[in-house]
Amino acid sequence: MSEMRVNAYFEPADNVVVELTDSERNQEVDFGNPSHITAISVSHGNDEYVIVKVRKFDDTKPFWSAKFYKGLNGQIFIQPIPGDPVRKVVVEVEPRGSLTSISDSVLVNISYIRG
């Protein structure tokens, strides 16, 4: 196996925080300009895991989803998502495991750069 050295440059990102609850399981986010998502972090205190999904505003299928357990979790994207910049997305949460409802708010922080 050979070793390769790369230089990476990270642009300063803006952030938006979305609070999702049992009564409001999805929320629209408007970045103001076409943008790419560079990272998503999720914090919640529910006993089981939740699934967080992100989809384009005018689409029904999410372009990203992940499982998040209790506490603070996150995912950084080396290649920002989606491939084509979007202005609006919808963030959704689903209780999973033995959860049938969301007892503790799910905070989703989205870091994004203008595309």
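**Exercise 1. How many aromatic pairs does the structure hold?**

The structure holds four aromatic pairs. Rings of Phe, Tyr and Trp (its six-membered ring) pair if their centres lie within 6.5 Å; planes under 30 degrees apart count as stacked, over 60 as edge-to-face and the rest as tilted. This is a predicted model: local features need pLDDT of at least 70, side-chain atom pairs count only at pLDDT 80 or more, and totals for chains, interfaces and linings use all residues. Residues are numbered from 1 along each chain as its sequence is written, and side-chain values use heavy atoms, with hydrogens and water left out.

**Exercise 2. Which residues form one aromatic cluster?**

Trp64, Phe68 and Phe77 form the cluster.

**Exercise 3. Find the lysines that lie over rings.**

Step 1: criterion. NZ of Lys or CZ of Arg must be within 6 Å of the ring centre and within 35 degrees of the ring normal.

Step 2: cases. Lys67 has its charged end over the ring of Tyr49, 4.5 Å from the centre. Lys88 lies over the face of Phe57, at 5.0 Å from the ring centre.

**Exercise 4. How many salt bridges does a search of the whole structure find?**

Step 1: count. The search finds seven salt bridges. Each is a side-chain nitrogen of Lys or Arg within 4 Å of a carboxyl oxygen of Asp or Glu.

Step 2: a buried case. Arg55 bridges to Glu92, with the closest N and O atoms 2.8 Å apart. Arg55 lies in strand β3 (residues 50-56) and Glu92 in strand β5 (residues 71-95), so this pair ties together parts that are 37 residues apart in sequence. Both residues, Arg55 and Glu92, are buried.

Step 3: a partly exposed case. Arg25 and Asp22 meet at 2.5 Å, N to O. Arg25 is partly exposed at 30% relative accessible area, and Asp22 is partly exposed at 33%.

Step 4: a network. Salt bridges link Lys53, Glu94 and Arg96.

Key. Buried means under 20% relative accessible area, exposed over 50%, partly exposed in between (1.4 Å probe, protein chains only). Helices (H or I, at least four residues) and strands (E, at least two) are DSSP runs, numbered from the N terminus.
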